[in-house]
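Work through the following exercises with the sequence and the structure open beside you, and try each task before you read its solution.

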Amino acid sequence: MADRQRRLLILANALWVFYWVHCCNLRVVAILDPIDFLALQSVRKSLDDLPGSNFFASWDFTSDPCNFAGVYCDADKVVTLNLGDPRAGSPGLTGRIDPAIGSLSSLAELTVVPGRVFGLFPQTLYQLKSLRFLAISRNYISGAIPANLGLLRGLRTLDLSYNQLTGSIPRSIGTLSELSNLILSHNKLSGSVPPFVSPSLTRLDLKHNGLTGSLGPTTLPPSLQYLSLSWNRLDGPLDRLLTRLDRLTYLDLSMNRFTGPIPGRIFGFPITSLQLQRNQFSGPVQPADQVTIPSVDLSYNRFSGRISPMLSTVQNLYLNNNQFIGEVPGNFVDRLLAASMQTLYLQHNFLTGIQINPTADIPISSSLCLQYNCMVPPVQTPCPLKAGKQKTRPTSQCNEWRG
């Protein structure tokens, strides 16, 4: 009943504006639909420029709203609304987003630039059936993500990152068949990652939340190119899922509780940065071919076995704090001395040797750390502070591991 009364009030006000504009020769150039006109008025009343921003200076409702900053029209309807100065360093806006924004029935794009916009996420956005792009990032929006956003069947980009959103990711978001970019990072979201069905989903960024649970082998579509789930509490194995995601160019699963092995074929994906550090992955690391990924971080896991020579072509390689054994492959040393390998961290493993001349001149651009293994490091190199001061692992630990 309340919603119906609100709609009737908006319609009555719209008719009133229409009458005075067309019958009483006001200065307003009324090319805009009256309902859109009133919705923009409500938006303006609920938001203000932060000090240093002059975004709303052009919002003079005695002139054509289609000429306002950030407002773009098609005929008599608002189709794009970009709230705030998009230039880098702009102070942005403050206030709340008025629910009347849901009356802009032809709106296809809605953005709010970074600022201090606060309050609950608007519950009326589901009414924007034409919406394809929705970005309200780096503000102070709170509350839950409305499940009715799943009614926006044409939505392609949803960016609500760097806010204070709570609750779970609605399963309805995962059913959006046109979705290509979902960015919900740096919030306070909890619960599990819902399955996603969109065959065009290329970017999924859920990092820095409180997500839990495991991911099934078909939770994510093979269309993904960018996947970041870092800084959550996700667990379980991923080998069957990762095998399917062969279009990935960026993968960050760090700071979770993932377990089990990683498929060797992942090293053949077109990835530029592979970050799996600080999980509970285990088993051998066995790339099928020479690895061309520039940066690989497998540190702080439970990987075991011998280090594969196929990893020697990685520019920055972090294998520290695992359970690797045996000797360091000779081609690692060759590439390190040639400055082709810039970072090689092997500390805190169970390695037993490395064939390098104690007087070898390691390039200043390269970093090597061998501390706390089952050998005396033949070269003394600076290590990160976290590596500790102990150069060699206690013999009892090494014997126990060999046994």
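**Exercise 1.** Describe the make-up of residues 36–74 and find how far apart the end C-alpha atoms are.

Solution. In this predicted model, the chain over residues 36–74 is 28% helix and 18% strand. Turning to the record, an unreviewed UniProt entry lists residues 36–74 as "domain: Leucine-rich repeat-containing N-terminal plant-type".

**Exercise 2.** Decide whether G89 is buried or exposed, and locate this residue in the chain.

Solution. Begin with the position: G89 sits in the loop that lies between β3 (77–83) and β4 (93–95). Next, take the relative accessibility of G89, which is 77%; because exposed means over 50%, G89 counts as exposed. Finally, compare sequence with space: G89 and P114 are 25 residues apart along the chain, and their C-alpha atoms are separated by 9.2 Å.

**Exercise 3.** Decide whether L131 is buried or exposed, and name residues that L131 touches.

Solution. L131 is found in the loop between β6 (116–120) and β7 (133–136). Its relative accessible area is 0%, and since buried means under 20%, L131 is buried. Leaving aside residues up to four places away in sequence, L131 touches L107, A108, E109, L110, L152, G154 and L155.

**Exercise 4.** Find which stretch has a pLDDT below 50.

Solution. Start from the average pLDDT of the protein chain, which is 92, with 92% of the residues scoring at least 70. The stretch with a pLDDT below 50 is residues 14–30, which has 19 contacts in the model beyond near neighbours in sequence. Where pLDDT is low, the predicted coordinates should not be read in detail.

Technical notes. Residues numbered from 1 in each chain as written. Predicted model: local features only at pLDDT ≥ 70, side-chain atom pairs only at ≥ 80, totals over all residues. Heavy atoms only, no water. Helix = DSSP H or I, 4+ residues; strand = E, 2+ residues; numbered from the N terminus. Buried < 20%, exposed > 50% of the residue type's maximum accessible area, 1.4 Å probe, protein only. Contact = heavy atoms within 4.5 Å. UniProt positions renumbered as here; feature names shortened; annotations may be inferred. pLDDT = per-residue confidence, 0-100.
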